[in-house]
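Here's a quick briefing on the structure below. Have a look at it first, then read on for the helices, the sheet and a couple of single residues.

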Amino acid sequence: MRPVRLDIHGFASFREPATVDFNDVDYFALIGPTGAGKSTIIDAITFALYGTAHRWERANSIAYALAPTTNRCTVSLIFDVAGRRYQVAREVRRVGQQIQQKAARLERFLDPTACPAPGDDPVETEVLVSEVRDLTPAMCDLLGMEFDDFCQCVVLPQGEFARFLKATPRERQTILLKLLGSGHYEQIGKVAGARAKEAEKEVEMYADQLRGLAEVTPEARQAATTRRDVLAELNAQISDLVAPVLAARTAEETHANAAAEANAAVAALREVKAPGGLVDRHANLTSAKSAHSDAASKAADAAAAFNAATTAAESGPQKMALDAAETLYSEADQVRSSLEKATRAAEETRAAASRATEAWDVAQRVLRDARTADQHARAEHEAAAAKVKALTDQVQRLSTITAPTDLADLAAGARNTAEELARADSALADAKDAAAKTAAACQGLPDPRTLQSLDSERTALAASAAGWDAGAAKGAELAAAAKAAAAGLAESSAQLDTAWAALEDARTRDAAAALRPSLQVGHECPVCTQTVTALPEVATDGPTVETLTAAWRTAQAAQQQAEDQHRAAVRAAETFTVQREAKTREMRSAADRLTAAVSSLAADTGLEELPAPIGEDVTGSAVEALVAAVASTLTAAEARCREAFTSRDEAAAVLAAAEKQVAATRVAAEQAQRQIDGHRAALVRAHTGVESDGAPAVDTSTLEGTVAGWASLTAWAAGTAEQIQDEQLPAATTSAEQAQARACEAAENLSGAETAATEAASAASQAAAAAAGAAATLEQLTSRDTELTGRLASVPARAALPALLAEAETLSRARADAAAAAELAQQFAKIAEEALQAAQAAVTADRDALGAIRDTVTAWSPPTFNATRMGEDLAGCFDELVTWAESRAAEQEATAADAAESQAQAAADAAKRVNALTEQLTSTICRSPASRKTRGPPSVWSPSPTPRRPRPPNGFLTPWPARTRCCPRARRPGSGRSSPGSCARCCARTSSSSGLRPLRSTRSSRAPRPACSSCLAASSP
């Protein structure tokens, strides 16, 4: 995976849109201070791919993705995988108090070079994933690794760089297998293992079958063939003899079914009976209908009487209306009485309010006059106090003006410092000229590091030249050794060729000797197909092939050893030659570089003697001569450089001392000037503070003017302060005290006026409120009196109310009595209706019982009844159905007896046929030669051993072999117990014990068990 472009907006610390472009970059580094967002960019890439980040600790902690104070964040990553370009994008939103991942998308660009930015025109893509839940699994499949593997092998978070290295071997193997995409190999291994297990099961099955056939011999095969022929003959006989037995059994079963059906019919017909109390229930229904009709009529009459009483009560006088009229008359009397009292109270409160208003106006005029007098007195006092304060402040300001005591000393020191600074500047100029001259003399000279480097090169070259001439002798020795090894190799190769030729000659002679007996003159050779002209001669002397073979192998080993020695000698000579040539080139290059550097050094330092370069032939003496010349040149250059650098350092020291003196003098001068400037500024501030009081002018432009200004200003300040304290300040103080007394008196008068005005205003307000309340009450009573007068005009006169109330009471009682009678009649009608419904339900149940009883015997065609007859004569319908059922039951009883007799005859016939069939089969089996060889008497024979059944691939035994069963309830041998008088094999009951024969067990010595003829025949092989 290769990132191409990352776009984030609202992610973690990136609240604003940000883009990281990785295009055309092979390596990159994220650099910045702590908190700049470097790790956040890695988190954004990881979140885009897997929907989480390693630093979030939990996979579902997407709240860290959303920047604070934002409700939406988006992350988009364009990346390449396997030559294709993809874009993955995720969106996180804040929904209420929850933060959810709302959208996710994975697309593949059809153009592998496309890299659109947000807001660009859309490009053609193929949408691979568009759901949030499907994106992360799809990214795992695309990248070939899970989130944890990605964090271990790709991202390597801070503090966990060695996590992959510290993982266990099994964990590293799992991670590497995922990275290499070897999952299909694991699937192949699983499929191969499953196939191997199936093959093992087949092998085991076939092995079991082979083990089961281990006892098969020719005699056993012959016996089995004979037994098969006998069984085939017996099967043909059984096919002819079993059919009559089966027909007899079928007839017996048919008659048994007929008898059972007849007995069932008799039982059902005997159950047909009429229910008890049928006539009484019909009589109750008739009386209930009559009672219900009478109760309904009485209820209707009572309801009509109630309606009439209700109409009379509603049309007559209404008690509620009469009570309301009486209430209105009483209220009218009370309102008129209250109206007279309210009129008198309103007049009195209006007069009191008028008097209180006049008193309040007088108090307001007095208050205004007191306020005016108080303001004048306060102003006079403030003016007098301000004059006293101004005079006091002026005296204080004047008393603070004092001249500095060190002003004269500072002036003398400033003049001395100026002279010293002039002398120091002159010395500094001379030191600068001397330093410049020595520095110019040192320009172009090499520094000590350059000389030390050249001396190191000289030492290295001298070390390389040591023993150089002795190396030439060693090269000659190696060349001679290689030449000697080549001669030894040639000799051993010649000996090997000789041994091989002798061996081939001996092999040819031996082959000719072996072929000679089969050769004839004039016939073709069996090897080369050519005509033999003469027989080859056989050599009887000479070494054998074995001896020559051993000699050839010895020569071969010697030749191999000589070849190894020659190869080692040549390799050593070549290696030495190559190394010497390389060292020669290295020494010549080092000598040339050293010669050029020392020549340049001599030219820079003004030396005339230069070292001579080495010639074409590099020898130890030439290198040593060069090293000696370089050492002499370096020593002279070093002495000249040391002398120049010493002069330069001395001049620099003098310059530094002069600069230090100038700086110290200048600091002293500046300090003195700052003190003088401070005194000058203090003079200006003091003069400015008293300039409005008539202070004399001062000159601060020069030091002398400043000293004179301080003297004149202090003299004026002392004289002015003494005049103010003696003359102006006492008079101003007396005036201020008198004004303060007048102000206190005016304030007391104002306080009394304000209290009186407040009391008058409160009294006026209370009087006005009382007058307004009385007027409102009068208005309400007047309005209510008018309203009551209008309403009383539409009601009966007050004298007629008692008679009308008595009439209303009479009509109401009559209505209540009619309602009680109607309710009682309705209750009686309801009781009668419930009794009628109960009677009808009982009769309906009898009718349903008739239908249910008839349904139980529908199979035998009972009589039918219509609804009219069942409604009028239900008892007659029951009598007719019971009579019919008794007749049909008698008929079915006769049918059942006939069927039982036929069943007994059929059973006897079937038993007789089975016995005959059994005797015939037994005699046939006993006469068979094969049976006489394999069995004893019929009652004690045991079957031949059965081969072991092979185990099928599923691991279970094959099912029991199919056997002929004598009835549907037949069981497997030994599956259950048989009851007395039943077959031990099929457990079928027989009509008599005559059809049972003893069956001896083939696996134990227990007493024989009874078996029917059919099971006995089926048990025969």
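This is a predicted model: local features need pLDDT of at least 70, side-chain atom pairs count only at pLDDT 80 or more; totals for chains, interfaces and linings use all residues.

Residues are numbered from 1 along each chain as its sequence is written, and side-chain values use heavy atoms, with hydrogens and water left out.

**Helices**
- Helices (H or I, at least four residues) and strands (E, at least two) are DSSP runs, numbered from the N terminus.
- Buried residues of helix 10 include Leu407, Leu410, Ala411, Thr417 and Leu421; buried means under 20% relative accessible area, exposed over 50%, and partly exposed in between (1.4 Å probe, protein chains only).
- Helix 9 (residues 319-399) packs with helix 15 (residues 703-792) at about 170°, their axes 2 Å apart; axes are lines fitted to C-alpha atoms, for helices over the stretch in contact, and angles run from 0 to 180 degrees between N-to-C directions.
- That angle makes helix 9 roughly antiparallel to helix 15, a label for angles over 145 degrees.

- Six strands make an open sheet in the order 2-1-3-4-5-6, with antiparallel pairing; two strands pair if DSSP finds at least two bridges between them.
- Strand 2 (18-21) and strand 6 (125-129) are the edge strands, each pairing on one side only.
- On average, neighbouring strands of this sheet are turned by 20° against each other, direction ignored.
- Strand 5 (residues 98-109) pairs with strand 6 in the antiparallel sense over four bridges, and Glu107 stands opposite Val127 in strand 6.
- Helix 2 (residues 132-143) packs on the sheet, touching strand 3 (72-81), strand 4 (84-95), strand 5 and strand 6; contact means heavy atoms within 4.5 Å.
- The direction of helix 2 makes about 45° with that of strand 5.

**Two residues in helix 18**
- Gln892 sits in helix 18 (residues 874-927) and counts as buried at 13% relative accessibility.
- Not counting residues up to four places away in sequence, Gln892 touches Ala262, Ala265, Val266, Leu269 and Trp860.
- Ala894 also lies in helix 18, but Ala894 is partly exposed, with a relative accessible area of 41%.
- Ala894 and Asn263 are 631 residues apart along the chain, yet their C-alpha atoms are separated by 9.8 Å.

Key:
Angles under 35 degrees count as roughly parallel, over 145 as roughly antiparallel, 65 to 115 as roughly perpendicular and the rest as oblique.
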